[in-house]
Structures are given as structure tokens and as C-alpha cells.
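Work through these exercises on helix packing and a pocket. Each task is followed by a worked solution.

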Amino acid sequence: VNIDFGPKEVFNLIEYLNTIFYEINTNFITFPIIKDSLREDFFVLSEKALVKMLVTNLIQNGIEANAEGFSVSIKNEENILLVEFITSNRKIEEPSKIFKLGYSLKGEKRGFGLFLCKKISSYLDLNLNFKNSDRGVIFSITFTRSHHSL
């Protein structure tokens, strides 16, 4: 599987995430977005198209698993922005296989999304991981503030 990694650029991640959430929500899919300690801006050095692919896939997976119990949480801690994709009342049964190419419980010709998400995360240093918790399944990514100037 090949991914076209584009050039990285500095951009305001908060603004960009809001744009992605707005686009998804205007497609008649709504979910709560919990913003904790967010400032107006959080600049990152990253690749917009890949960030959008990753975030969109994690949202679509969560909504597909439990539309009524899906939410996104965003927390800002100094130089880190933590984004969690929370699907309540769900559990991943085989955690060791979740990011493997072709692994899916959703049918044939599936199992590429989380594999690609992991590849994108590795390229962008976003530390994609997940955990089963009492809140449900939580996928998380972390962005590091850029110290590059625009």
C-alpha cells in the first residue's frame, strides 16, 4: 500500500480540525466535540491532507461502531494537543491485530483504514494508539506545537 506523503507545512491545527469537523457535521453526521483548555491557535508542522485522512477515518470508524455514543475530545497541554476519538459501549476484542493490514470484523475487502492511519501517524509522529477503557474504545493522537514561524 502506497501513501503519497506531501510536503509538510506550518498551519493552525485548531482551525484546521474545526474545518474538518464542520465538513463531517454538514453531511448529517453529528457528534459532540469536547474542547478542554483550548487556546485560539496551535501551530504544527504537518501535512494537511494526511491529517484530514487520519482524523476522518477515525471519526467514520467510531460513528460506524456506535453513532449515538461517539465523541471527540481535544485537550491542550503546553506544547501538546491530545485528540481522542471515543466510542462508548464498545470494546476491541483482538487488540494485537487492530492495525494489521487486512484485519477487519466488518467484512471482506476491509481492514485498510486503521492500517493506513497507523502509517500516517508514524510519518507525522502523532503516536496513534488505542485502549479499551470503562469509557469505551479510545483512539488518540498527539500533535506537538511547532516552533517554526509562518
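The model is predicted.

**Exercise 1. At what angle do H2 and helix H3 pack, and how far apart are their axes?**

Step 1. Locate the pair: H3 spans residues 113-124, and H2 spans residues 48-66.
Step 2. Read off the geometry. The angle is about 140°, and the axes lie 10 Å apart.
Step 3. List the contact. From H2 come Leu50, Val51, Met53, Leu54, Asn57, Leu58 and Asn61. They meet Gly113, Leu114, Cys117, Ile120, Tyr123 and Leu124 in H3.
Step 4. Sort this H2-H3 contact by class: 10 residues are nonpolar, 3 are polar and none is charged.

**Exercise 2. How are H1 and H2 oriented to each other?**

Step 1. Take the numbers. Helix H1 covers residues 13-25. It packs on H2 at about 45°, with the axes 11 Å apart.
Step 2. Apply the cut-offs. Roughly parallel needs an angle under 35 degrees, and roughly perpendicular runs from 65 to 115.
Step 3. Conclude: H1 and H2 are therefore oblique to each other.
Step 4. H1 passes H2 in a right-handed crossing.
Step 5. Name the partners. H1 supplies Leu13, Tyr16, Leu17, Ile20, Phe21, Glu23 and Ile24. H2 answers with Lys48, Ala49, Val51, Lys52, Val55, Thr56 and Ile59.
Step 6. Sort the H1-H2 contact: 10 nonpolar, 1 polar and 3 charged residues.

**Exercise 3. Which residues line the second largest pocket?**

Step 1. Set the volume: this pocket holds about 160 Å³ of space.
Step 2. Name the lining: Lys8, Val44, Leu45, Ser46, Leu124, Asp125, Leu126, Thr142, Phe143, Thr144 and Arg145.
Step 3. Assign elements. Strand E3 (43-46) and strand E7 (136-144) each give two or more residues to the lining.
Step 4. Sort by class: the lining has 5 nonpolar, 3 polar and 3 charged residues.

Technical notes: Residues numbered from 1 in each chain as written. Predicted model: local features only at pLDDT ≥ 70, side-chain atom pairs only at ≥ 80, totals over all residues. Heavy atoms only, no water. 1 Å grid on protein atoms, 1.4 Å probe; cavity = no way out; pocket = protein on both sides within 12 Å on 5 of 7 lines; lining within 4 Å. Points joined across faces, edges and corners; volume = space filled by probe spheres on them. Helix = DSSP H or I, 4+ residues; strand = E, 2+ residues; numbered from the N terminus. Nonpolar A, V, L, I, M, F, W, Y, C, P; charged D, E, K, R; others polar. Axes fitted to C-alpha atoms, helices over the stretch in contact; angles between N-to-C directions. Parallel < 35°, antiparallel > 145°, perpendicular 65-115°, else oblique. Left-handed = near helix turned anticlockwise from the far one by under 90°. Contact = heavy atoms within 4.5 Å.
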